[in-house]
Amino acid sequence: MLLPSSGFAQEVTLNSTDGTINITGEFIDFRDDNYIIRTALGDLRIAASSVVCNGAACPTFETVTADVAIVGSEAIGLGMMPLLMSGFAASLGADAEVNNTAAGQTVVSLIGEDGFGDQIGSYLVSAVGDDNAFEALLDGSAKIGMSARRITPDEARALRDAGSGSMVSPNQERIIAVDSMVVVTHSSNPVNELSQEQLAGIFSGQITNWSELGGTDRPITVISHEEGSASYDYFMSFLYGDERPSFRPQAIAADDQAMSNVMFHDQNAIGYLGYAFQRGAKPMTLLNECGIATTPDAFSAKTEEYTLSRRMYLYNRSDNLDPQSQAFLDFAVSDTADSVIGKSGFIDLGILRRSQAEGDARRAALISEVGRYDVGFEGEVMADMLEKMDQYDRLSTTFRFRTGSSQIDERGRLDMQRLVAFLEDAPAGTEITFVGFTDDVGAFEGNRELAISRADAVLDEMRAVAGDRLNNIEMKIAGYGEIAPSACNISDRGRGINRRVEVWIANTVEG
């Protein structure tokens with residue numbers, strides 16, 4: 001049983017778990033799992049299961065216990081976990097009772113027989129920050145860690161030395177979704193796209209009026225996350241690297257929900273938040289240093305070609321994993337979880353299909369580049385790619401590699417399984433081609449050969465994983481080297497995005 005301590009008669013704010021409702025008033029009492037607050041409308045009684053209390057007067061609770069403790073990322077814990085837990089319960093024929101016990105803390109009890117049976121498990125989700133995920137795994141206070149960034153080598157070594165096993169093995173590191181850090185403004189703002197240079201000017205205080213960006217004559221209200229938060233570090237590293245400006249923004253948002261609320265009310269504001277929290281805000285198209293435009297849509301996020309995409313992880317130790325934790329982790333990476341993750345506003349790992357024919361932005365960009373390669377071998381390669389783009393759609397599945405390597409990365413292992421399952425349902429005779437690309441380091445022909453070898457490596461692994469499940473699918477390879485970059489080749493991150501194998505599917509057979 002949860003026992004709140006007494007709070008002082010001070011103002012508190014109750015935020016709904018979906019971020020759409022905020023109620024501020026004087027805290028009166030916490031009774032029968034309900035907050036009672038005094039507002040201009042009178043005394044309101046609000047169920048704790050539907051809101052999170054913020055403010056010094058919020059009641060505190062005795063230590064909450066559950067079968068499985070899940071600790072880490074606020075984005076995952078607040079934005080995804082409530083629905084993911086409900087989906088998990090449904091997959092077991094159970095009902096999920098959700099109790100928001102304190103800010104960022106949720107207890108989920110699974111009740112069998114669709115809520116009419118006995119409790120079959122309980123999960124305590126603490127959304128306290130990405131760093132805390134690995135600290136809690138290290139001290140054993142959590143069975144599962146949530147993180148919007150990949151574990152660092154130092155964190156992985158510390159856990160390994162503590163007997164937890166290899167934290168980057170497929171059985172301990174799971175990618176469950178992709179999140180795009182979206183730059184947003186008020187829906188009425190006429191500015192539609194910003195370059196990285198312009199963004200850097202805004203968040204360093206050098207650009208202060210929307211008229212400098214082609215908008216109306218209004219001052220820019222800069223909203224940022226708190227220093228030290230995962231979102232702040234990710235965004236500032238993207239803009240400035242390690243040399244961050246001393247500029248102080250006009251306001252600090254405690255989390256993505258708060259950022260979204262500001263964007264709804266302030267016509268002059270600009271900020272950044274997770275894809276799941278856009279709601280009524282206007283997302284901005286971003287232009288990188290090379291002028292390549294990326295839009296924060298689901299396809300570009302799944303391919304990880306959107307400028308500010310990031311992977312969402314669940315981690316576990318190997319030496320204390322229990323059946324209840326394992327069951328939830330298995331569900332979180334399953335196809336069944338995709339729809340739940342999508343409903344929560346995040347981008348699941350399900351496969352999308354997009355035409356590459358007329359109207360495709362990349363095709364148009366290639367055509368504009370043909371003049372540079374109108375003669376010689378490079379021109380022939382580009383012309384061949386343009387011809388193939390008319391005949392093939394692209395799937396969002398994209399395999400990536402480290403420099404000089406033909407081994408796919410950690411996400412590729414999961415995507416391979418999903419691709420096999422996707423193609424099993426395709427009509428007999430469906431044709432797919434694994435299409436390799438590289439960064440621009442090295443000679444053109446050498447890069448083209450490397451691209452082909454990577455495509456061939458993916459094909460070999462695909463056949464090994466699929467066995468006889470795809471006997472009716474025709475599979476080929478192609479390689480185009482450094483042409484058609486998805487990012488600038490001037491940084492490690494950009495070159496990493498360009499080292500890829502795409503999956504193209506013939507558009508003469510509908511899958």
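This is a predicted model: local features need pLDDT of at least 70, side-chain atom pairs count only at pLDDT 80 or more; totals for chains, interfaces and linings use all residues.
**Entry 1: Arg394 and Glu305.** I looked up arginine 394 and found a salt bridge to glutamate 305, with the closest N and O atoms 2.7 Å apart. Arginine 394 lies in strand β21 (residues 392-400) and glutamate 305 in the loop between α8 (298-302) and β19 (309-316), so this pair ties together parts that are 89 residues apart in sequence.

**Entry 2: Arg469 and Glu424.** I next examined arginine 469, which forms a salt bridge with glutamate 424; the closest N and O atoms are 2.8 Å apart. I located arginine 469 in the loop between α14 (444-466) and β23 (474-479) and glutamate 424 in helix α13, so the pair ties together parts that are 45 residues apart in sequence. Arginine 469 counts as partly exposed because its relative accessibility is 36%. Glutamate 424, at 38% relative accessibility, likewise counts as partly exposed.

**Entry 3: Asp492 and Arg495.** I found a salt bridge between aspartate 492 and arginine 495, the closest N and O atoms being 2.6 Å apart. Both residues lie in helix α15 (residues 492-498), three residues apart, which is about one turn of the helix. An α-helix has 3.6 residues a turn, so residues three or four places apart point the same way. I recorded aspartate 492 as exposed because its relative accessibility is 60%, the cut-off for exposed being over 50%.

**Entry 4: a negative patch.** Which residues gather in a patch of negative charge on the surface? I listed Asp95, Glu97, Glu113, Asp114 and Asp118. I placed aspartate 118 in the loop between β8 (105-111) and β9 (119-127). Aspartate 118 is exposed, with a relative accessible area of 66%.

**Entry 5: helix α10.** I turned to helix α10 (residues 335-343) and noted that Ala337, Asp338, Val340 and Ile341 are buried. What do the buried residues of α10 pack against? I found α2 (81-91), β11 (173-185), α9 (323-332) and α13 (410-424). Helix α13 is also where I had located glutamate 424. After α10 comes glycine 345, whose phi is positive, near 100°.

Terms used. Residues are numbered from 1 along each chain as its sequence is written. Side-chain values use heavy atoms; hydrogens and water are left out. Buried means under 20% relative accessible area, exposed over 50%, partly exposed in between (1.4 Å probe, protein chains only). Helices (H or I, at least four residues) and strands (E, at least two) are DSSP runs, numbered from the N terminus. Contact means heavy atoms within 4.5 Å. Patches are made of residues with over 30% relative accessible area and no salt bridge: like charges are joined within 9 Å, nonpolar side chains (Val, Leu, Ile, Met, Phe, Trp, Tyr) within 5 Å. Accessible areas come from the Shrake-Rupley method with a 1.4 Å probe; for residues, only the protein chains shown count as cover. A salt bridge is a side-chain nitrogen of Lys or Arg within 4 Å of a carboxyl oxygen of Asp or Glu. Lys and Arg count as positive and Asp and Glu as negative; His and the chain ends are not counted. The place of a charge is taken as NZ of Lys, CZ of Arg, CG of Asp or CD of Glu.
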